[in-house]
Amino acid sequence: MQPSDKLSLADLTVGTAGRISSVELDGLLRRRILDLGMIPGTQVECIRKSPVGDPIAFRVRNTMIALRSDAANLIKVYPF
Amino acid sequence: MHEENRGRVLREHFGIAAALGQYVIALAGNPNVGKSTVFNALTGLRQHTGNWPGKTVDNAQGTFTYRQKPFLLVDLPGTYSILAHTVEEQVARDFICFGQPNATLVVLDATCLERNLNLALQVMEITPNVVVCVNLMDEARKKNIAIDLPALEKELGVPVVPTAARKGEGLDTLRETLYQVSTGARKSIPRQLVYSQAVEEAVEKLVPTIQRLIDHKLNPRWVALRLLDGDKAFIESISRHLELQLSPKALQEVAAL
Amino acid sequence: MSGTVKPMTTLVNVCAEADKIRLSTDSTLSDTIVSDIYANAEQIARKVVTHKEQGESSWDTRLDDILTSRLFGYPIMLALLGAIFWITIEGANIPSGMIADVLFAFQDQLTEWFVLAGAPAWLHGVFVLGLYRALAWVVSVMLPPMAIFFPLFTLLEDLGYLPRVAFNMDSLFKRCKACGKQALTMCMGFGCNTAGIVSCRIIDSPRERLIALLTNNFVPCNGRFPTLIAIASIFVGGAFAAEYETVVASLVITTIVLLGIATTFAVSWLLSHTILRGEPSSLVLELPPYRLPQIGAIIYRSLIDRTLFVLKRAVIMAAPAGAITWILGNVYIGDLSILAHVAGWLQPLSYAIGLDGFILLAFILGLPANEIVVPILLMSYLSTGQMIELDSLDELRQVLLDHGWTWLTAVCSMLFCLLHWPCATTLLSAYKESGSIKWTFLSFLIPTIIAFAVCLVVAQTARILGLA
């Protein structure tokens with residue numbers, strides 16, 4: 001799947017937040033992300049990155065979810 | 001008669017041996033909400049673990065007595081939703097739906113209610129015999145999160161019990177509420193979910209046919225939503241559990257869709 | 001037209017209709033359904049939940065900053081793991097000794113009863129010296145460390161720390177096309193490989209789950225630690241001045257453990273690129289807030305679970321193994337026991353990999369339970385006809401030296417112990433979890449091949465270089 005060059009969760013620096021515009025993932029991964037509440041319109045904040053930079057921990061709906069950058073790249077956010 | 005049938009279904013399909021007259025309660029909730037703490041608090045040491053039949057998914061069952069009535073608490077795997085895309089979700093969904101527990105206890109985390117409500121609302125679409133337990137109230141207090149519980153109960157239409165299971169708070173009320181719902185002393189009208197127009201229209205088209213087929217064994221709206229979600233495994237589940245005559249050809253047709 | 005409509009057919013029709021609708025809408029209906037449910041949830045939460053002002057950064061954010069930081073994250077992890085090992089090993093010593101005393105005292109009682117009953121010597125041998133002894137052994141060796149390790153581990157889990165471990169380690173696993181949660185299954189494996197195999201359920205992707213399952217054996221479990229420690233203490237410790245003995249032995253053990261971890265990564269990588277090829281699924285890991293666990297309840301529950309497990313294993317696996325071992329060691333064909341005969345046959349192969357026939361045979365007979373490997377070895381060496389253990393390390397060292405042990409034998413034994421096939425309980429678990437004989441067989445074969453290969457290379461290289 002070619003990632004469009006829109007802004008994504010992976011582009012958020014630690015401490016910044018964005019609102020999800022689209023989820024360009026497939027299959028089970030997509031369902032899991034949506035089930036966790038990361039649906040279009042949701043506010044997501046980048047909390048921290050692992051010691052080597054990947055995965056990245058995000059706060060969404062007052063919970064913390066860690067994603068690898070390859071998945072975070074495909075969750076697009078509205079420009080800010 | 002109904003009781004014996006239920007006993008048989010529980011035994012054969014879910015590997016659960018419920019004694020006659022024992023109230024069966026399903027325990028659902030997100031991972032990390034303290035579901036095990038609630039389970040342990042209610043059942044103490046009277047529990048045993050195993051697997052769900054034919055699956056490598058943990059199953060824990062425990063018993064307790066309240067007001068001289070026996071209860072069997074079945075711990076379902078922790079899931080974020082029961083739209084059933086993983087084996088764990090299927091197991092949870094199948095049990096709540098076809099195991100016909102007397103009550104389903106959904107444990108929520110008070111510190112992230114929104115995401116937890118996702119599961120609770122889905123469960124409420126399957127069965128009206130739901131008790132919502134808002135756990136980790138002590139954590140919520142620490143984080144300055146306040147929850148208007150009566151308002152929540154009004155919004156949901158099912159009993160809501162606040163607990164801090166780790167500290168033993170709220171457990172008596174929980175037992176009492178489970179008792180009332182299981183015995184039928186307290187009936188609920190759960191909030192009906194409102195979907196967007198496209199979905200509602202689609203559901204309306206399917207509900208009449210479904211109602212005719214399933215009679216009143218299941219909530220037809222929920223069945224319609226499952227089908228619209230593309231949940232093929234659900235058809236197989238329905239056939240197996242409601243014991244409709246299964247023709248291999250028909251199953252193939254469904255699989256081919 | 002008959003009034004009975006075949007329910008199934010109509011169900012198919014409903015499905016078809018549903019599918020038509022589903023595929024005719026612009027956006028996926030499934031996504032809309034999920035969004036709608038959340039919309040309902042949001043609406044309710046907005047009315048019902050109030051967040052009052054929070055302090056600047058709560059203590060758990062600060063804790064996370066440290067535990068997942070570049071500077072402290074990894075060292076703290078290693079330190080914690082080391083601490084758990086140390087507490088387990090040290091803490092288990094006294095209880096192990098106590099339980100051993102009780103159980104072996106009871107053995108004498110059993111012997112008395114057998115004598116009183118006028119039972120034949122062989123019956124006493126099989127049941128008391130073989131079966132009961134092995135059982136007593138396993139219980140006294142395994143129960144205390146498990147009773148310490150597992151509660152500690154569960155404590156960390158309930159605290160919320162373990163997901164942070166997966167978070168820190170994920171990138172390493174990603175490079176092997178595996179899942180960060182494998183770090184957790186490995187940690188479980190340190191306690192008991194059987195528990196490690198079962199814990200692989202936390203990995204969602206079947207492919208990655210299998211990788212974790214097949215490599216779990218490369219972390220040494222509580223049952224193998226006594227063997228490793230004994231050999232390390234004797235040989236490596238013995239070569240250094242007394243005050244450095246424990247330090248050096250600890251270093252050796254740490255090296256062995258790190259080797260095991262390295263092997264895990266190497267084999268995971270290999271599997272991902274050969275028989276378990278496939279795209280890595282992406283990690284979705286919840287990091288729950290830190291919470292103080294119910295320490296009392298955890299210890300209590302863990303203790304009961306582990307005790308039951310050890311007892312079951314002792315009775316089902318170890319006891320029969322003990323009986324069989326006694327028979328092999330006491331039935332003579334010519335002037336050698338069967339045990340000695342088989343050891344003789346195995347000698348050429350064993351020598352090639354730096355061991356001797358008795359050592360390899362001890363490992364083979366230790367399939368049901370790794371803890372009985374050293375007792376069986378001593379039994380063979382001393383032809384005592386019964387499994388024994390020696391109280392002092394010096395005695396043990398002397399026996400081994402008397403039977404031709406060199407530093408190479410020690411090294412190869414430790415390597416073999418680390419890498420060889422899983423114990424019977426673990427294999428059974430592997431079968432239950434994988435549901436396939438093929439993968440279970442591979443979980444046996446892969447470690448075996450690696451153990452033989454590594455020991456072969458080490459032994460031959462050392463000899464060629466004239467070091468042994």
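What share of the contacts in chain C with a separation of 6 or more comes from residues 24 or more positions apart? I shall begin with that question, and then turn to chain B. Please keep in mind throughout that this is a predicted model.

In chain C, residues 24 or more positions apart account for 72% of those contacts. The chain has 19 helices and 4 strands, and its C-alpha trace spans about 85 × 70 × 50 Å along the principal axes. Of its 468 residues, 48% are buried. The domain assignment divides chain C into domain 1, residues 2–48, and domain 2, residues 74–468. Taken over C-alpha atoms, the centres of these two domains of chain C are 52 Å apart.

Is R209(C) buried or exposed? R209(C) has 22 other C-beta atoms within 10 Å, and it is therefore buried, since the cut-off for that label is 20 or more. Leaving aside residues up to four places away in sequence, R209(C) touches C200(C) and I203(C). As for I197(C), its C-alpha atom lies 9.3 Å from that of R209(C), and the two residues are 12 apart along the chain.

I now move to chain B. This chain has 11 helices and 8 strands. Its C-alpha trace spans about 55 × 45 × 35 Å along the principal axes. For 257 residues, a compact globule would have a radius of gyration near 18 Å, and the value for chain B is 18 Å, so the two agree. Buried residues make up 51% of chain B. Of the contacts in chain B with a separation of 6 or more, 65% join residues 24 or more positions apart.

Chain B also has two assigned domains: domain 1 covers residues 2–183 and domain 2 covers residues 197–256. Their centres, taken over C-alpha atoms, are separated by 25 Å. How many residues does each domain of chain B bring to the contact? Domain 1 of chain B contributes 9 residues, and domain 2 of chain B contributes 9 residues. On the domain 1 side, α3 (87–98) and α4 (113–126) of chain B each supply at least two residues. Helix α3(B) gives the most to that side, with 4 residues. By class, the domain 1 side has 5 nonpolar, 2 polar and 2 charged residues.

Next, consider helix α7 of chain B, residues 171–183. The buried residues in α7(B) are L174(B), T177(B), L178(B), V181(B) and S182(B). Why do they lie on the same side of α7(B)? They cover an arc of only 125° around the axis, and this places them on one side of the helix. The elements covering the buried residues of α7(B) include strands β1 (23–29), β5 (103–109), β6 (130–135) and β8 (160–162) of chain B. After α7(B) comes G184(B), with a positive phi near 90°.

Finally, I come to the contact between chains. Here 9 residues of chain B are in contact with 8 residues of chain A. The chain B side of that contact has 3 nonpolar, 4 polar and 2 charged residues. Thank you for your attention.

How values were computed: Residues numbered from 1 in each chain as written. Chains lettered and ligands numbered in written order. Predicted model: local features only at pLDDT ≥ 70, side-chain atom pairs only at ≥ 80, totals over all residues. Domains from an automatic or database assignment. Contact = placed C-beta atoms within 7 Å. Nonpolar A, V, L, I, M, F, W, Y, C, P; charged D, E, K, R; others polar. Rg over C-alpha atoms; globule rule 2.2 N^0.38 Å. Buried ≥ 20, exposed ≤ 12 C-beta atoms within 10 Å, placed from the backbone. Arc of directions from axis to C-beta.
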